[in-house]
Number of protein chains: 2
Amino acid sequence: MRGAVIHGPGDVRFEARPDPVVQAPTDAIIRLSAACVCGSDLWEYRGINPITGPTPMGHEYVGIVEEVGAEVTGITPGQFVVGSFFASDNTCEICRAGFHTSCRHREFVGGTQAEFLRVPLADGTLVATPEVPSDDLVPSLLAASDVLGTGWFAAVAAGVQPGATVAVVGDGAVGLLSVLAARELGAERIIAMSRHESRQKLALEFGATDIVTERGDAGVAVIKELTDGLGAHSVIEAVGTQESMMQAIRSARPGGAVGYVGVAHDVALPGEELFYSHVQLLGGPAPVRRFLPDLVDRIWRGTIDPGRVFDLTLPLADVAEGYRAMDERRAVKALLRP
Amino acid sequence: MRGAVIHGPGDVRFEARPDPVVQAPTDAIIRLSAACVCGSDLWEYRGINPITGPTPMGHEYVGIVEEVGAEVTGITPGQFVVGSFFASDNTCEICRAGFHTSCRHREFVGGTQAEFLRVPLADGTLVATPEVPSDDLVPSLLAASDVLGTGWFAAVAAGVQPGATVAVVGDGAVGLLSVLAARELGAERIIAMSRHESRQKLALEFGATDIVTERGDAGVAVIKELTDGLGAHSVIEAVGTQESMMQAIRSARPGGAVGYVGVAHDVALPGEELFYSHVQLLGGPAPVRRFLPDLVDRIWRGTIDPGRVFDLTLPLADVAEGYRAMDERRAVKALLRP
């Protein structure tokens with residue numbers, strides 16, 4: 001088969017890779033219906049994360065089950081499935097507490113920008129749709145695989161409650177979909193922080209009530225103005241830098257919470273400021289699996305349309321252009337069709 | 001009147017101070033029945049926090065109301081009251097959310113190691129007991145004013161649930177009383193980290209099921225051993241150093257939480273480790289007022305006896321000896337009787 005492999009910063013190639021095969025009796029092999037490029041893939045593409053050798057890329061996926069191992073009982077060939085970037089058993093204590101990305105048996109699922117994929121722990125990892133979806137549902141189901149699930153976790157981690165005021169730091173796909181999640185969870189006011197017109201537009205479509213273009217402490221000052229001097233009840237951080245984390249913490253009111261899902265890079269949180277802020281922090285790699293059944297259901301019923309976050313669709317063979325477009329911020333998120 | 005004043009590191013004097021008077025119509029003046037020395041008072045005593053000039057000391061108090069301002073309606077002279085170290089209106093949005101120590105109108109209540117005290121926002125700050133308590137209840141009611149309320153907040157912030165495994169970092173009065181709080185909140189296993197025999201004994205009396213004497217990463221390793229490799233559901237941090245914070249975070253399982261109430265000194269939390277830990281953080285100056293009615297009730301009914309944390313009782317005039325005894329760790333906590 002063929003798939004995307006990164007060879008160095010800026011160097012993504014669509015090339016031959018070995019066909020995946022069932023290695024463990026709990027594996028499934030799926031034929032990908034769609035994949036995409038993630039904002040976090042750009043850390044490698046931009047040379048910020050080191051690349052030690054040619055590496056298959058991608059970790060978001062939906063597809064049709066081709067084959068399952070002997071111990072797989074819940075998933076059958078022919079089903080359309082959605083999975084997450086960490087395989088999980090869905091039965092250990094950590095999974096039962098809803099933190100599947102820290103599952104005792106977790107395994108990273110990489111190399112999904114390809115024609116086929118091996119998914120470990122298929123029963124615990126994959127969620128099947130009621131039937132094979134029509135083509136127009138595929139982008140939304142693919143969004144559930146990571147960016148929607150991650151935005152949703154951020155909103156839950158930030159404690160979004162009905163009637164709450166929510167601020168969102170970061171206008172990438174995750175930030176935009178956390179706006180949608182906050183709306184679905186009943187937030188009354190959703191303040192999206194963005195200075196890009198097309199992203200502002202999408203944020204408003206997803207449910208944002210206010211747009212703030214200022215950043216850093218200037219952005220914090222505007223949030224305070226909008227919230228009677230107090231700050232937001234819930235703040236979602238979807239960037240992962242020192243500036244964005246501090247902007248998020250300072251935008252929350254005492255007793256409020258920050259849900260952070262931007263992968264932290266060179267971040268050090270000042271203990272004393274955090275102590276006196278009275279702001280709760282929870283974040284990390286989103287346990288998308290916790291939310292998948294609910295998200296698939298909402299998409300299936302047409303309640304939410306997160307697939308709108310894809311503003312570029314390319315043949316899988318043109319994956320390199322997907323990286324370029326996202327790197328240059330010409331696209332929010334690129335969908336790849338094998 | 002007379003009260004404790006710190007003049008420099010190690011230099012606490014019992015000396016004449018102006019009698020407090022009603023300054024605002026929401027004030028109350030109380031005659032102190034008891035006060036005490038707090039672990040956080042030692043930051044000044046040890047010269048770690050700067051002392052800019054002679055400063056009245058103490059922030060824990062119980063006493064009899066002597067006089068109230070014209071607008072005070074809920075508190076009357078002759079009542080026995082318990083207050084907290086921040087006066088709060090108990091009506092603003094932040095108080096209603098339970099974070100009274102960040103009240104919009106909060107005011108620090110200092111100088112309680114004295115004969116009389118002015119308490120601002122008396123209606124919002126003070127909680128009266130059903131009647132004037134017998135002498136034997138006074139230490140427990142005084143503990144509610146800070147150390148019990150702070151330990152209780154730490155347990156709540158750490159999300160202690162019935163059946164949970166809880167680890168406590170710090171064996172000062174707050175750490176010991178967070179053991180008691182965890183027990184009251186239904187924790188099944190409570191692991192106290194302490195290497196001092198007298199404190200271990202009190203921890204066991206308050207409900208600890210295990211004692212761990214190791215510190216830092218060695219302490220973390222023991223906690224993991226005791227919890228099937230996962231870590232505790234809830235961890236209470238009651239020290240405030242870099243080492244103790246990291247020990248707390250690393251002792252919690254993914255999806256677990258740290259409640260931290262040690263005043264953070266020179267602490268910087270590594271963003272990436274926190275991100276991948278999946279551990280929730282909440283802490284800060286404890287909103288004791290949130291818990292006071294419940295705590296006073298439990299003490300009144302004899303359900304809890306937090307006053308046992310006082311292992312030294314002195315006349316207020318001997319306050320300097322109270323500081324010395326705590327500084328030298330000869331006493332867990334010194335009670336002062338005017």
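Across the interface of domain 1 and domain 2 of chain A, the rule finds three salt bridges, a salt bridge being a side-chain nitrogen of Lys or Arg within 4 Å of a carboxyl oxygen of Asp or Glu. The structure is a predicted model, in which local features need pLDDT of at least 70 and side-chain atom pairs count only at pLDDT 80 or more, whereas totals for chains, interfaces and linings use all residues. Residues are numbered from 1 along each chain as its sequence is written, chains are lettered from A and ligands numbered from 1 in the order in which they are written, and side-chain values use heavy atoms, with hydrogens and water left out.

In chain A, domain 1 comprises 2-146 + 287-337 and domain 2 comprises 150-283, the bounds coming from an automatic or database domain assignment. The C-alpha centres of these two domains of chain A lie 26 Å apart. Their contact takes 24 residues from domain 1 and 21 residues from domain 2 of chain A, where contact means heavy atoms within 4.5 Å. The size of an interface is often given as the accessible area lost when the parts come together. Between domain 1 and domain 2 of chain A the buried area is about 1800 Å², with carbon and sulfur atoms giving 64% of this area; buried area is the accessible area (1.4 Å probe) that two parts lose on being put together, summed over both.

A salt bridge links the side chains of A:Glu184 and A:Arg298, at 2.9 Å from N to O. On the side of domain 1 of chain A that touches domain 2, the largest share, six residues, comes from helix H11 (residues 288-300) of chain A, helices here being DSSP runs (H or I, at least four residues) and strands likewise (E, at least two), numbered from the N terminus. By class, this side of domain 1 of chain A has 14 nonpolar, two polar and eight charged residues; Ala, Val, Leu, Ile, Met, Phe, Trp, Tyr, Cys and Pro count as nonpolar, Asp, Glu, Lys and Arg as charged, and the others, Gly among them, as polar.

Between the chains, 34 residues of chain A are in contact with 35 residues of chain B. Chain A and chain B bury about 3100 Å² between them, and 61% of that area is on carbon and sulfur atoms. Four salt bridges are found across the interface of chain A and chain B, and B:Glu93 forms a salt bridge with A:Arg253, with the closest N and O atoms 3.3 Å apart. Helix H10 of chain A gives the most to the side of chain A that touches chain B, with five residues, and the residues of this side divide into 19 nonpolar, ten polar and five charged.

Over all chains, a search of the whole structure finds 14 aromatic pairs, for which rings of Phe, Tyr and Trp (its six-membered ring) must have centres within 6.5 Å, planes under 30 degrees apart counting as stacked, over 60 as edge-to-face and the rest as tilted. The rings of A:Phe275 and B:Tyr260 have centres 6.1 Å apart and planes at 55°, so this pair is tilted. Because A:Phe275 lies in helix H10 (residues 271-277) of chain A and B:Tyr260 in strand E15 (residues 252-260) of chain B, the pair joins two chains.
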